[in-house]
Amino acid sequence: MKQISFAQAEHQNRKKVTRRERFLAQMEVLVPWQRLIDALSPSYFPNAAGKRGRPPIGLERMLRIYFLQQWYALADEALEDAIYDSQAMRDFVGIDLAIESVPDATTLLRFCHLLEKHALTQRIFEEINAHLAEQGLFMREGTIVDATIVAAAPSTKNKAKQRDPEMKQTKKGNQWYFGLKAHIGVDAVTGLTHSVVATSANVADVTMAGALVREDDKRVYGDAGYTGMWKHLDEKKDAPDSKCCVAAKRGAIKKMDDSPMKTLLLAIEKAKASIRAKVEHPFHVIKNLFGYRKVRYKGLAKNQAQLFTLFALGNLVLAGRCEGDAGGASVS
């Protein structure tokens, strides 16, 4: 066996970079920090000088901690512990334990309340998208619409003895789901999310199409659940060059006899499906990479506020992949 010196071993260890370190280094570059700070500063403790209580922590530091919570799906207390345990997280936030402590869970909770109160998560979403648009990553040639169900706790073992009244149940296939539905509009070329709406799970996908389409979209793509979408797009009805490309229901084509017409229809459906596939990428990022499988809060308003942040950060991951900077990124 080949022997290596202690100095060589140390050099090799220093060269190793974990997936977490790599991901956070990518986010350090991709997040438009100064733009977000300028946009959110007027609502973040504009004049705390001379007031009693804890001194306000810098906005950039709180944003970094808040983004860590979204990327790693951690509760407030768990995030505090994780930052203490992870050197990569401390480096990202800019905390040196020799001279300062990690902001506690209560501080993060108050920051989240501030974001909700002033609708700042929607502002984060808008500013990040504006930053990406300036880089030419929103083509505005069409929109893909889709929705995904996010589960909520069905238990009634709580003080109110009831489930969240703003969450509803719906049936998909042969299975019932309880929670909310996240509706999104995605750029048909780049797959970046430009519109987000949260509703209870029992709201039909097609009814929210009008809230997800941009005014200048010439094409709107959706799966079979968006059949009849045209009547929900009032501003598009009079546009002669606008078109809704909705997937045909499988049963209708399946019943057709084999013929050149059936072959042509199958080819058309395959082409439409290849375009619609882009809408699954944002769902993959927030559910599989960020671990957002269940709602964190009660009520639609708080959960929609979190969805704005999640899809904004998801856009950065996807944009990084488009540019070849974050291919295969993992937050682990």
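**A chat about helices, salt bridges and surface**

Colleague: Hi! How much of the protein chain do buried residues make up?

Modeller: Buried residues make up 45% of the 332 residues in the protein chain. Buried means under 20% relative accessible area, exposed means over 50%, and partly exposed is in between (1.4 Å probe, protein chains only).

Colleague: And what kind of model is this?

Modeller: This is a predicted model: local features need pLDDT of at least 70, side-chain atom pairs count only at pLDDT 80 or more, and totals for chains, interfaces and linings use all residues. Residues are numbered from 1 along each chain as its sequence is written, and side-chain values use heavy atoms, with hydrogens and water left out.

Colleague: Thanks. How many helices and strands does the protein chain have?

Modeller: There are twelve helices and six strands. Both are DSSP runs, numbered from the N terminus: helices are H or I with at least four residues, and strands are E with at least two.

Colleague: Let's pick one, α3. Which residues are buried there?

Modeller: Helix α3 covers residues 33-40, and W33, L36, I37, A39 and L40 are buried in it. Looking down the axis of α3, these buried residues fall within an arc of 165 degrees, so they line one face of the helix. That arc is taken from the directions running from the helix axis to the C-beta atoms.

Colleague: What do the buried residues of α3 pack against?

Modeller: They pack against α2 (19-30), α4 (59-72), α6 (87-93), α7 (105-117) and α8 (120-134). Contact here means heavy atoms within 4.5 Å.

Colleague: Is R123 buried or partly exposed?

Modeller: R123 is partly exposed, with a relative accessible area of 34%.

Colleague: New topic! How many salt bridges does the structure hold?

Modeller: Twelve salt bridges. A salt bridge is a side-chain nitrogen of Lys or Arg within 4 Å of a carboxyl oxygen of Asp or Glu. One of them is between the side chains of R64 and E28, at 2.7 Å from N to O. R64 lies in helix α4 and E28 in helix α2, so this pair ties together parts that are 36 residues apart in sequence.

Colleague: Is R64 buried or exposed?

Modeller: R64 is buried, with 6% relative accessible area, whereas E28 counts as partly exposed at 33%.

Colleague: And which residue does E134 meet in a salt bridge?

Modeller: The side chain of E134 meets that of R35, at 3.0 Å from N to O. This pair links distant parts of the chain, with E134 in helix α8 and R35 in helix α3, 99 residues apart. E134 is exposed at 59% relative accessible area, while R35 is partly exposed at 25%.

Colleague: What about K272 and E269, where do they lie?

Modeller: Both lie in helix α10, three residues apart, about one turn of the helix. K272 is buried, with a relative accessible area of 15%, and E269 counts as buried at 15%.

Colleague: Which residues do salt bridges that share partners join into one network?

Modeller: R35, R123, E127 and E134 are joined that way.

Colleague: Now cysteines. How many disulfides does the count come to?

Modeller: Zero disulfides, with a disulfide being a pair of cysteine sulfur atoms within 2.5 Å. The sulfur of C245 is 7.5 Å from the closest cysteine sulfur, in C244, which is too far for a bond. C245 is buried, with a relative accessible area of 11%.

Colleague: One last thing: what is the phi of A73 near?

Modeller: Near 50 degrees, a positive value in a residue other than glycine. Most residues other than glycine have a negative phi. A73 lies in the loop between α4 and α5 (76-85). R140 has a positive phi too, near 55 degrees, and is found in the loop between α8 and β1 (143-151).
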